[in-house]
Amino acid sequence: MDPLLELKHVSYAYHTKSGETYALTDISFQVQRGEFLAIVGPSGCGKSTLLSLISGLILPEDGTILRSGMPGASPHSSIGYMLQKDHLFDWRTVYRNVTLGLEIRHELNKRTRLHVDQMLKDYDLYRFRNAVPSELSGGMRQRAALIRTLALDPELLLLDEPFSALDFQTRLSVCDDIYAILRKEKKTAILVTHDLSEAVSMADRILVLSQRPARIREVIRVSFAREGLSPFARRNEPEFKDYFNQIWAALNPVSPGKEPA
Amino acid sequence: MSIEKFVPVSASQAAYLKRLKHRQYRIAGIRLLIFAVFLLLWETAVQRSWIDGFIFSSPSRIWNTFSAMWTDGSIFTHAGITVLETLISFAFVVVLGTSSAILLWCSDSLSEILEPYLVVLNSLPKSALAPLLIVWLGANSKSIIVAGMSVAIFGTILNLYTGFCAVDPDKIRLIYTLGGTQKDVLGKVILPGTVPLLLSVMKVNIGLCLVGVIIGEFIGARQGLGYLIIYGSQVFKLDWVIMSIALLCIIAILLYGAIGFAEKQCLKKR
Ligand SMILES: Nc1ncnc2c1ncn2[C@@H]1O[C@H](COP(=O)(O)OP(=O)(O)O)[C@@H](O)[C@H]1O
Ligand SMILES: [Mg+2]
């Protein structure tokens, strides 16, 4: 069976009047169904650009992106993209926010409404369905944004630093929540982050990117002796520190005769 | 559903609220007092012949003029015409201004091409256009309504367009990630997101339309408060002039208040 997603030698540069910004060079990797892939890299190295390419919002300058073995086949329908901020609209209730995608695609019907209601109940937002977003806590807002994405039933979920707007404590619990939701809904996910421990605590595999223009530095397969741990539980396992150090080393290679930046 | 919390009011909070209320009463009282003293001073000055009542009029003369025109009904004609023309030009500004701003937002090239023209037209003193309009369109309501529009329309377009462009680009990206098109961006983000701006621009516009209508009436009307002001000054009936100005003040306040009220209702409902 074809991998769910395959990138072959993808490169991308932004063109502006003041010059060219090379964001990605020669990126190749595959994502299998059911996998949780994390992509780490320094800020501004091109992580968000990579997700935009995968989602089809922008097209690669070079290379090809295959979704289920097909090039450029109607990207949006099978890919859910969660942006860095939740962007819940204050002029809509929580319910009308989470059904926004369905509304746009004209897929609001009895079946999809049931699905949304079920998710709202499962993830503890049903009581707040008629509230306005400003009444929700940071974690609840993030869950609402996730439900908005999941309502479209995407095969592949792209998460762009989804926890970066939260404070540390909320971040740990929301991380657990979202992870549990994704496992329960059996979603394939790509998580982009600059937080190494977040990557180690959630991913099956980690792609380490270099400074801009991003290349793939290393691919690290993550497996814990005890399986089925929550992200928070993983943080207490002995392997956690080893993976952390391994990624740290990959991000900050000390080349001979050169001071690490 | 809003999460209402019952919070018992402490004694110091109650005292604070009471002080706040007292202050508000005091301010309102002083405002009224200033107005009363002004009227009184004006009236006395004319009665005692400190100033010439023929030129400066007086509160009692204004009142007499007003009640005479009320009885013969002419005040309703003049004020009614002015208000009607203002409302019509305002309606046109709302519809044309908003749709032009949307059009500019939809096409980057169009907005770039037209921007210098809009800026020039916006900074042009619109009273300069009024005589031209009268010649082109005739001395009738049509040119007065267009004069009212001309004062407000260009600023409206520029303000709204700027507001549309200031919408968070990530919110727009969100619509695209959900599979939307430019139409969805407009309908789900740009327009609903700029309703407060739209309302505040309109609150200013109603006053601008009134200005434009009065300018138009100065030049080419046989009815309306602007006509009354010009005619009154020409035949030295300054009671008419000053009464019309006072009436314009009241009309301006009422129009502004009406839009302000609509704004509050609209924002509360969201
Ligand atoms: N629309 C754009 N136009 C020009 N340059 C851009 C644009 N978006 C991003 N960039 C540049 O591309 C580089 C990578 O951006 P991004 O993918 O957002 O990085 P990351 O998500 O890893 O922080 C940055 O240096 C950024 O300045
Ligand atoms: Mg980013």
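View 1. A:Phe224 lies in the loop between strand S10 (216-221) and helix H9 (231-234) of chain A, and A:Tyr243 in helix H10 (residues 238-251) of chain A, so the pair ties together parts 19 residues apart in sequence (helices, H or I of at least four residues, and strands, E of at least two, are DSSP runs numbered from the N terminus). A:Phe224 is buried at a relative accessible area of 8%, and A:Tyr243 is buried at 13% (buried means under 20% relative accessible area, exposed over 50%, partly exposed in between, with a 1.4 Å probe and protein chains only).

View 2. B:Phe66 counts as buried at 18% relative accessibility, whereas B:Trp70 counts as partly exposed at 48%. Together with B:Trp63 and B:Phe76, these two residues form one aromatic cluster.

**View 3. Charged side chains over the ring of A:Tyr126.** A:Lys121 lies over the face of A:Tyr126 at 4.8 Å from the ring centre, and A:Arg129 lies over the face at 4.0 Å (NZ of Lys or CZ of Arg within 6 Å of the ring centre and within 35 degrees of the ring normal).

**View 4. Backbone contacts of ligand 1.** The residues around ligand 1 include A:Tyr14, A:Thr16, A:Ser43 and A:Arg212 (a heavy atom within 4 Å). Oxygen atoms of the ligand lie 3.2 Å from a backbone N or O atom of A:Cys45, 3.0 Å from a polar backbone atom of A:Gly46 and 2.8 Å from a backbone N or O atom of A:Lys47.

**Notes.** Residues are numbered from 1 along each chain as its sequence is written, chains are lettered from A and ligands numbered from 1 in the order in which they are written. In this predicted model, local features need pLDDT of at least 70, side-chain atom pairs count only at pLDDT 80 or more, and totals for chains, interfaces and linings use all residues, while side-chain values use heavy atoms, with hydrogens and water left out.

Key: Rings of Phe, Tyr and Trp (its six-membered ring) pair if their centres lie within 6.5 Å; planes under 30 degrees apart count as stacked, over 60 as edge-to-face and the rest as tilted. A polar contact is a pair of N or O atoms within 3.5 Å; within protein, one must be able to donate a hydrogen and the other to accept it, and residues adjacent in sequence count only if both atoms are side-chain atoms.
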